[in-house]
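These are my notebook entries on a structure that I am opening for the first time. I record what I looked up, entry by entry.

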Amino acid sequence: MIDELAYMLTDPLMQRGLVAALLVGVTAPIVGTYLVQRRLALLGDGIGHVALTGVALGWLVGAGMGLVPQDELAIPGAVVAAVVGSVAIEIVRERGKTSGDVALALLFYGGIAGGVLLIGIAGGTQSNLMSYLFGSISTVTGADLVLTVILGAIILLVGLGLRSALFSVSQDEEFAIASGLPVRALNIAVAVVAALTVTVAMRVVGLLLVSALMIVPVAVAQLVTRSFARTMLVATMVGVVVCVAGLSITYWRPWSPGATIVVLAICVYAVVAVLRPLVVARRRGRQSDPHPDIPDDVELAAPGTVPAQDGRGTGGGPCSA
Amino acid sequence: MLVSAAPEPTRAPATEPTVVGQPVIEARGVRVRLGASDILHGVDLRVHRGEVVALLGANGSGKSTLVRSLVGVLPRTAGSVELLGAPLGKGVDWRRVGYVPQRVSAQSGVPSTAREVVSSGLLYGRRLRLPGGWRERTDEALDMVGLRDRAQDSTGELSGGQQQRVLIARALVRRPELMILDEPVAGVDQPSQEAFAATMRRLVDEGLTVLVVLHELGELAPLVTRAVVLRHGRVVHDGAPPAPSPGHALAGHEHVHPHDDAPTGAVPQADTGLTS
């Protein structure tokens, strides 16, 4: 067993994969915490769809330029498309509600359909396509890894360095505006960081499962925490554990790394959800009703009699009748 | 309508004694359009240093819309707003302004503690990171609203009134000179209302200027120096605090007359802040 682990860690392919998985495990839940807090849990999904078009455009440009590995520009293409797409989504979100919903749907489906179409035109195969949709950690090259590390560092810098400000805009945007904070710039920062996370995670879990790594660890953390800072910390730990453990499993089992990681994360959620009542009940035992004891507004009928129908809850409602 | 627009005849020069200092809020001809409807039709509002101005009016009269446009949350279609002598925008000294929005009962997705929420009040303008000693300042603000012992609790575990007090502490933590509050006592339990009134009394004594949206003057009545009443997006009264409409005396108003709809159980939704 120890020998096998040592073998795994000396495998350069696995080394690169583990570093990438570690980075994804740390960054995705940090960004995910902001997305969940602003009720944009599915934003990562949408960016992932748009990023596929970027990948395909990268292929197309690469093929046109006659680059030797045809997918040389796939990741840069994904970065550009994801950033553009996320800023577009943020602008739509800022503008309004109803029409924005449809605009987002168009962007998402257009992104994935356009990507599939363009990759075919650029000469990509079905398996190329699958590797972007569901991840292909075994194809991570040294250059990929360098780019991943740089992007990961940017995500951490913004996500942790601006934590208080990003918390403020995510928690109550109206108050943030009324505090004179640069709300639009901060919102765009969240969107761009989410886009970078999508491209970082693309190799590990694939564009279709990227969102799971941002959201599921946060969902796990939420079950047991009551502060924002703690939620982010626990989510990051869950993210790292499932990413590294999931990838390691696939060293011995011929399973898809992305799917293994996501299923593992959901299993952790299920286990924590089942165990949670035991922990939380003990902690909250001291008080369940936060309201102070104050006299009732209404006269309650004696037990056994029918309550009066006009016993209204408020003392001074509008007398419209 | 809960308040009558007619000024009390006994306090004749209503505008005279209100000029206390230079204006801290200066709004001229504010028009706001939301969707297809015009909500405000050219509202003028001036609040001077040291005043406590109550903004009154029925539901839909535009009170909340006005204060939200005063702090830049809602865009204006016309008119100008100056806060503390600077046009609304980057030039405003936001540290001196504390805003308390209407409480939204929906919880945000991630749990956050009272301390975390209050600490976000220490960020304003270009200040994007918490200053040193933020923890002490946050606890001090929570102490002012009587919630210091709940600092580590998730806001979801607090009652509606306590959540409202957390929002007030978030505005107080930066020690503002001007506070703008949007229905701070709507749907708030009696102990929280009393605690709120006591806190405001102390701050006003120390020189705080206040613009507060209210449905009824209630516990704040003794503090209010001037009332502005809106009706359908226009100022219809600006002067001494008006008396409540007949039949809506603040205290001892017995709600005794029968309602026809009682047997169906369809009790009309009370739309006042007077819940206790």
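At roughly what angle do the axes of helix α2 and helix α11 of chain A cross? I looked this up in a predicted model, where local features need pLDDT of at least 70, side-chain atom pairs count only at pLDDT 80 or more, and totals for chains, interfaces and linings use all residues. Residues are numbered from 1 along each chain as its sequence is written, chains are lettered from A and ligands numbered from 1 in the order in which they are written, and side-chain values use heavy atoms, with hydrogens and water left out.

**Helix pair.** I find that α2(A) (residues 12-37) and α11(A) (residues 210-224) cross at roughly 70°, their axes coming within 7 Å. The two helices are therefore roughly perpendicular (65 to 115 degrees). On the α2(A) side I list contact residues including A:Val24, A:Ala28 and A:Gly32, and on the α11(A) side A:Leu213, A:Pro217 and A:Gln222 are among them; contact means heavy atoms within 4.5 Å.

**A:Val271.** I located A:Val271 in helix α13 (residues 257-283) of chain A. Because its relative accessibility is 47%, A:Val271 counts as partly exposed, the class between buried and exposed (over 50%).

Note on methods. Helix = DSSP H or I, 4+ residues; strand = E, 2+ residues; numbered from the N terminus. Buried < 20%, exposed > 50% of the residue type's maximum accessible area, 1.4 Å probe, protein only. Axes fitted to C-alpha atoms, helices over the stretch in contact; angles between N-to-C directions. Parallel < 35°, antiparallel > 145°, perpendicular 65-115°, else oblique.
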